[in-house]
Amino acid sequence: MIAIMEDAGFILGSYVVTFAVIGGFVWRAISSGRKLGKQIPDDDKYWT
Amino acid sequence: MSTWRVGWLIARKDLRIEWRSRVITNQVLPFAFVTMVIFGIALDANTDVLELVAPGLVWLATMFSLLLLVQRAFSVEADDGALDAMRVAGVDARGIFLGKAIGLVVQLLVLEVLLLCAAMVLYGETIRLDGVVLLVTTMVSATCGLAAVGTLYGGLAAGSKGRETLLPLLTLPAVAPVLIGATRAVESALGTGVAELSEGWQWVSLLTVFAVVFGVGGALAFGPLIDE
Amino acid sequence: MTTLDPKPTDTPSDGGTVTPSRSTGTNATRVIGIAAAVAMAWLVLFALVISPADVNQGESVRLLYIHVPTIWVAYLSFVVTAVASGIYLFTKKHSLGWDRLAGASAEFGVAFVGLTLIVGSLWGRLTWGVFWQWDARLTTTALLFVAYIGYLAVRRLGGSHQQRAKRSAVVGLLSVLLIPLVHWSVVIWRSLHQTASIANTEGDIKMDGTMLFTLFVGVVAFSLLYVWLVMHRTRAMAMEDMLEDRGLDVALAERRAEGAGR
């Protein structure tokens with residue numbers, strides 16, 4: 001079904017790149033938050 | 001001491017240092033000149049093309065030299081901790097900004113005149129008499145903008161590691177409007193291509209606004225920037 | 001550093017049970033995160049499957065459903081950076097919280113401008129036949145991209161946190177002043193020397209209901225994502241600052257102990 005779409009490479013490629021970048025940022029946000037969270041006492045975290 | 005007096009003294013001191021050290025005549029000017037030569041080589045020494053793009057090349061060479069001049073202006077201060085000393089002694093930050101900027105303006109104007117001469121010799125550029133007023137106004141207003149941006153970001157990067165690479169990254173996008181405006185205005189003044197003389201003046205207004213924005217903004221921001 | 005034996009201060013000793021230390025997530029971010037994920041899934045479904053191809057543009061209109069939201073978020077984040085920088089600089093407290101908000105926002109702004117440029121040039125190739133046109137919007141965006149990379153470099157210059165905050169606040173404010181100046185200059189430039197553009201189809205689209213709705217979903221999804229990312233990132237930056245301060249304190253204490261033992 002996708003093969004019917006013209007310029008599918010450009011369009012799907014754009015979506016893949018965009019969501020790959022977003023995924024990278026999301027992953028970094030979660031993992032760095034966890035890693036740093038272990039080194040800081042909970043009392044210092046103003047959001048808790 | 002008033003801001004202007006401080007500015008004047010610092011500018012005079014800077015220019016005297018530059019005059020004595022001969023770094024400008026021995027290094028910066030030759031660098032600007034070789035830039036003009038390699039532009040010519042890159043464009044295949046095609047005088048038709050070179051004459052057309054000469055105004056842009058003159059400004060590009062000016063901006064590359066600006067980076068060198070700014071680094072020089074602040075390494076003179078940062079090496080001896082003179083900037084900190086002046087701040088501790090209570091010297092007005094706006095005065096320091098003004099002085100550094102005036103020093104840069106004078107050096108850049110000399111450089112631009114010489115680069116224009118080089119463009120006349122190397123690229124076959126001609127200057128027409130009725131465009132001289134526009135040419136001079138453009139050079140002065142564009143140079144004020146360039147000096148303001150250079151002083152501001154030079155002071156920001158002074159004394160920190162990695163400043164050599166940071167300065168171009170900050171300065172070149174910021175002076176892009178000057179490059180566009182000054183290039184088109186000089187094209188009008190010299191009559192290269194199809195440029196009309198009357199078109200040039202709206203660029204001068206852009207250049208003036210730019211110089212005022214970065215001049216005032218820089219003078220206000222300079223204090224917090226160089227403070228420890 | 002192994003996490004097998006955490007330092008005593010890291011684990012609250014309430015009755016011997018080791019509670020996991022808190023990360024940057026809270027209930028608020030969880031709600032926003034789930035909403036963003038749902039909206040993203042919805043966007044992909046609408047953009048790639050449900051919405052029709054455009055009469056003039058054909059399938060390439062589907063690129064706009066991510067192009068428009070990314071540039072929206074990019075400009076939003078630069079405005080947030082400028083406002084936060086201004087609040088930091090002009091309030092007496094000089095709160096580092098605003099500085100971190102400005103920094104986090106600029107990071108995502110740069111990323112989203114980058115995405116905008118990539119997707120936009122692909123769209124241009126399909127619609128105009130060229131990747132790039134030297135018009136005011138494109139040129140301004142490209143210069144903006146570089147200017148904010150410079151801003152992020154200023155943040156990494158080193159020095160104290162307050163020094164970093166002051167420097168980057170000034171650069172953040174000036175970079176925003178740059179937007180109208182660059183735009184103005186390119187507008188006059190291009191209006192004076194109008195070169196024959198290769199394809200003069202501005203890419204006009206007659207938006208029907210589904211298309212507008214898809215675009216709306218995209219803007220909502222990316223805005224939610226932006227808020228989620230910024231919340232997490234500012235908190236992580238706060239912890240990084242704390243760690244640096246703690247490292248500094250430890251070093252100072254060691255130095256002092258050295259001096260005392262002599």
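In this predicted model, helix H1 of chain B (residues 3-21) packs with helix H5 of chain B (residues 93-123), their axes coming within 7 Å and crossing at roughly 40 degrees. That angle makes H1(B) oblique to H5(B). The handedness of the crossing of H1(B) and H5(B) is right-handed. On the H1(B) side, the residues in contact include B:Trp8, B:Leu9, B:Ile10, B:Asp14 and B:Glu18, and they meet a set in H5(B) that includes B:Arg94, B:Ile96, B:Lys100 and B:Val106. By class, 10 nonpolar, 6 polar and 4 charged residues take part in the contact of H1(B) with H5(B).

Chain B also contacts chain C: 24 residues of chain C are in contact with 23 residues of chain B. On the chain C side, helices H4 (136-155) and H5 (161-192) each supply at least two residues. The greatest contribution to that side comes from H5(C), with 14 residues.

The class composition of the two contact sets is tabulated below.

Leaving aside residues up to four places away in sequence, B:Phe222 touches B:Ala93, B:Arg94, B:Ile96, B:Phe97, B:Leu152 and B:Gly155. Among these neighbours of B:Phe222, B:Arg94 and B:Ile96 also belong to the H5(B) residues that meet H1(B).

Methods. Residues numbered from 1 in each chain as written. Chains lettered and ligands numbered in written order. Predicted model: local features only at pLDDT ≥ 70, side-chain atom pairs only at ≥ 80, totals over all residues. Axes fitted to C-alpha atoms, helices over the stretch in contact; angles between N-to-C directions. Helix = DSSP H or I, 4+ residues; strand = E, 2+ residues; numbered from the N terminus. Parallel < 35°, antiparallel > 145°, perpendicular 65-115°, else oblique. Left-handed = near helix turned anticlockwise from the far one by under 90°. Contact = placed C-beta atoms within 7 Å. Nonpolar A, V, L, I, M, F, W, Y, C, P; charged D, E, K, R; others polar.
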